[in-house]
Structure formats: structure tokens, C-alpha cells
Amino acid sequence: MPVDSAEESDPARYRRTRAGWRNTDLHGLPLSVRTLSSALTSTGNYQMTICSIRHADYLLRRIRAEADPLRQDAERILSESRKVALRLIERLDWRDFETLVDLIFARGGWQRTSLLGGEQADVDLLLTQPVTEETAWVQVKSRSRQAEFDDYLDRFIREGRFDRLFYVYHTATSPIRTSARNVHIWSAERVAKAVIDLGLLGWLSDRTI
């Protein structure tokens, strides 16, 4: 029941709740403006005390932590697209795989400052990121193994002039791993995700089918 405020600085009225104010769903996960649809958060611009919620079904799903059927469809399509991209990547020869990696970094905002592959002994791509001014080595392998990666990592450390190393491969007898700082290992699965995220599935399909 509305109650008049005793303090001038307090809101004029308030409403009691069963368990206090909360900003989480029923599983305890935070519900923030950033993670909610603007169709719902635009209600915050309403200047009066009480209003109806136009998207109450969406709001109740988020509070109850229920999956949105449309979002489930989108996630299923994305998952299937990545699986298709992975199968297509496995068909690429080393030249097209190298070109694909070059396109991924270009669409991600990196600028190539070297030739693609060719006669460079230690690295396939040299990149700069104009926004952060970082530099990167990129080594691309259609087939690789842990010992080969460790050798390239040693070369990268000895060189000492670059901020990051990207080691990209699509086939290995076992996953390649590292704990080295600023070193990023991309398997075929990571490349497939980038293909979908950056809109390169059409290019990949044209190269393999």
C-alpha cells in the first residue's frame, strides 16, 4: 500500500515487496540494462509513477531465466553454421587457408605490413593494429604439432619486437597449448567461429565447393 514519505528528500511514495528489491533473475544472475532489450529498458523514460509493460512476456522470461525460443533458434543456426565452416576449412589447401586467415585479420581491423607467406622464414604475416598500435606475428599451419609450435614460440620470444603471436592451424594430432603471455593459439574451431562472425562463409564456400 502506498505510504507518504516522512523525509522531504525521499520519494513521495513507495510500495512494499515480498522479498526486497532485487536486480537478479530467479537463478541469481544479474539483470542489467546492458543485457536487456531496449524494447524493455525504454520504459525507464516514462515520467509517471506507474505504467504498463509492453513486453511483459519478455520481462517474465528474463526474470524466470527461461530461454527465448527465437534466441534458441538463432543459437542453433549459428552452431550449425560453425560446423559447416569447420568442414569446409578442412578441405582447404595451405594456400587458401593462409588467404582465409589473412582475410579474417583484415576484417578484424589488423593491417598487413608484409607479403603473404612467401619466403619469410619465421612468420607468414606481420600485422599492425592502428587503433591500439600493437604489432603481431601470425604463423599459419594447415598441419602442426606441439613441438613445432614451441619452436616458433622460441623464435617469437627471441625476436622481441612484436606485441602478440597468433599461431593458427586446422589439423593436429592433439590440441596445441601454451600459457605464454600475449600468445594466441587458434584451432580450426576458432577459425570457423571467426568465419561466421566476420561474414566469410560465402568466400569459404566458393573456395571449396
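A salt bridge is a side-chain nitrogen of Lys or Arg within 4 Å of a carboxyl oxygen of Asp or Glu. The structure is a predicted model, in which local features need pLDDT of at least 70 and side-chain atom pairs count only at pLDDT 80 or more, while totals for chains, interfaces and linings use all residues. Residues are numbered from 1 along each chain as its sequence is written, and side-chain values use heavy atoms, with hydrogens and water left out.

**View 1. Salt bridge between Asp-102 and Arg-112.** The closest N and O atoms of Asp-102 and Arg-112 are 3.0 Å apart. Asp-102 belongs to helix H4 (residues 94-107) and Arg-112 to strand E1 (residues 111-112), so the pair ties together parts that are ten residues apart in sequence. Helices (H or I, at least four residues) and strands (E, at least two) are DSSP runs, numbered from the N terminus. Asp-102 counts as buried, at 12% relative accessibility, and Arg-112 as partly exposed, at 39%. Buried means under 20% relative accessible area, exposed over 50%, and partly exposed in between (1.4 Å probe, protein chains only).

**View 2. Further salt bridges.** The whole structure holds 13 salt bridges. One joins the side chains of Glu-148 and Lys-141 at 3.5 Å, N to O, and both of these residues are buried. Another joins Arg-155 and Asp-151 at 2.6 Å, N to O. Both Arg-155 and Asp-151 sit in helix H5 (residues 146-159), four residues apart, about one turn of the helix. Asp-151 is partly exposed, with a relative accessible area of 35%. Asp-73, Arg-76 and Glu-80 are linked in a salt-bridge network.

View 3. The side chain of Arg-164 makes polar contacts with the side chains of Glu-134, at 2.8 Å, and Asn-182, at 3.4 Å. A polar contact is a pair of N or O atoms within 3.5 Å; within protein, one must be able to donate a hydrogen and the other to accept it, and residues adjacent in sequence count only if both atoms are side-chain atoms. Leaving aside neighbours within four places in sequence, the residues in contact with Arg-164 (heavy atoms within 4.5 Å) include Trp-110, Trp-137, Phe-156 and His-184.

**View 4. Ile-63 in helix H2 (residues 56-64).** Ile-63 is partly exposed, with a relative accessible area of 32%.
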